[in-house]
Amino acid sequence: MATFSCPVTSFSSIRCSYGPNSSGNHGDYRVNVNVNGNASTRPFKHHALVNEMALQSPASLANLQFLENGHISEEKIRQRIPTKKQLVDPYRRGLIVERGVGYRQTVVVRSYEVGADKTASLESLFNLFQETALNHVWMSGLLSNGFGATHGMMRNNLIWVVSRMHVEVDHYPIWGEVIELDTWVGASGKNGMRRDWIIRSQATGITYARATSTWVMMNVQTRRLSKMPDEVRGEISPWFIEKQAIKEAVPEKIVKLDDKAKYVNSDLKPKRSDLDMNHHVNNVKYVNWMLETIPDKFLECNQLSSIILEYRRECGGSDLVQSLCEPDEDEILFTNGVVQQNLLKNNVNTLTYGYTHLLQTKGGTKNEEIVRGRTRWKPKI
């Protein structure tokens, strides 16, 4: 069904009241809107929310969208997605920065986002990257009802899919700490988009983590990659910034592992809770599957300093997944849980250890790659 909305400028006086219908059924209320002396009645069940919005801000009521049959879209009211650019979001503690095109959000690290050592998990960082990216599009006024999709993308049946992700972590935020996340977007070739992030401590200003990612468009019906339509390019290109959180002169290529990998975790099955709004497994789940394959003794003594992911295909809820993992050397020796062998030496003072990863579907005759990964690790302090 088509929707229509009235611009704010067309309203010079708005009055809103509500009451039960003629049958006295309190489950089906009617909203009476008076615009410039012209009364209009709309049937609507969620009367209290509409009246509250009208009392708080007439512009909020003006932004409501009505279906052709006169019913207000409940989803639009509950989400309150802006129809034009917003500079401040008091609910998410976010604001537009970088000359009006970047986004900054202040976050408190919560108890369910940390591990046993009271520091934020890698999964929590990935979730924050995803959430701030969506909130950035939200505040731009371009967000439609897709998973970060603009209005033009929805008209062309397109969604965003991530093709590459690179994260570097110097310090992990601790429980209760206030952190700031900056995110912005830029061009990536003719048909892609780059999104970057920086996480820093609000108290000290020290940068904790940096991340960069590449996104392409997929047709939601054919599940094939698509060129960027001129309509969509016109929506997002004014938001592009020529700045990178991680400068990659030549992006590192990740070799493909085979079934001879040292560590293998098979028969991984996505749960319903692993699926996102695009109905495929959320990329954060991939990170968990990779890390679960690394030996526990190594994880006890080391923390991840960087991760690179190359996404090959989407993973559906019915796929069986296999996680493969190979250390940079044939053996990792432990003495009382401490790594004794240096796998990779970057410089005189810093020792790091590396793993190559692969997630693939388990098919009857052929396994298909989902994502390749490279992780770097350093000893915990």
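This tour walks through a predicted model, stop by stop, with something to select at each one. Residues are numbered from 1 along each chain as its sequence is written, local features need pLDDT of at least 70, and side-chain atom pairs count only at pLDDT 80 or more. Totals for chains, interfaces and linings use all residues, while side-chain values use heavy atoms, with hydrogens and water left out.

**The whole chain**

Start with a cartoon view: there are eight helices and 21 strands. Both are DSSP runs numbered from the N terminus, helices being H or I with at least four residues and strands E with at least two. Of the 381 residues, 47% count as buried; buried means under 20% relative accessible area, exposed over 50%, and partly exposed in between (1.4 Å probe, protein chains only). Switch to a surface and you are looking at about 20200 Å², with carbon and sulfur atoms supplying 49% of it. Accessible areas come from the Shrake-Rupley method with a 1.4 Å probe, and for residues only the protein chains shown count as cover. A contact means heavy atoms within 4.5 Å; among contacts with a separation of 6 or more, 67% are between residues 24 or more positions apart.

**Into the core**

Next, select Phe126, Tyr286 and Leu309, which touch the most other members of the largest nonpolar core, a group of 70 residues. Such a core is a set of buried Ala, Val, Leu, Ile, Met, Phe, Trp, Tyr and Cys residues joined through side-chain atoms within 4.5 Å. Helix α4 (residues 122-140) gives the most to this core, with nine residues. Colour by domain and you will find at least three core residues from each of domain 1 (50-248) and domain 2 (252-381); these bounds come from an automatic or database domain assignment. Now stay on Leu309: leaving aside residues up to four places away in sequence, its contacts include Phe126, Met165, Val287, Met290 and Val371.

**Salt bridges**

The structure holds 19 salt bridges, each a side-chain nitrogen of Lys or Arg within 4 Å of a carboxyl oxygen of Asp or Glu. Show the side chains of Asp182 and Arg104, which meet at 2.7 Å, N to O. This pair links distant parts of the chain, with Asp182 in strand β10 (residues 178-188) and Arg104 in strand β8 (residues 102-108), 78 residues apart. Asp182 is buried at 8% relative accessible area, whereas Arg104 is partly exposed at 26%.

Move on to Arg312 and Glu310, bridged at 2.9 Å, N to O. Here Glu310 counts as buried at 9%, and Arg312 is partly exposed at 42%. Then find Asp319 and Arg313, whose side chains meet at 3.7 Å, N to O.

**A surface patch**

Select Leu87, Val88 and Leu95, which make a nonpolar surface patch of about 270 Å². Patches use residues with over 30% relative accessible area and no salt bridge, joining like charges within 9 Å and nonpolar side chains (Val, Leu, Ile, Met, Phe, Trp, Tyr) within 5 Å. Leu95 sits in strand β7 (residues 94-97) and is partly exposed, at 33%.

**Two backbone stops**

Which phi value does Asn157 have? It is near 60 degrees, positive in a residue other than glycine. Asn157 is in the loop between α5 (151-155) and β9 (158-169). End at Asp267, where phi is also near 60 degrees; Asp267 lies in strand β14 (residues 263-268) and is exposed, at 52%.
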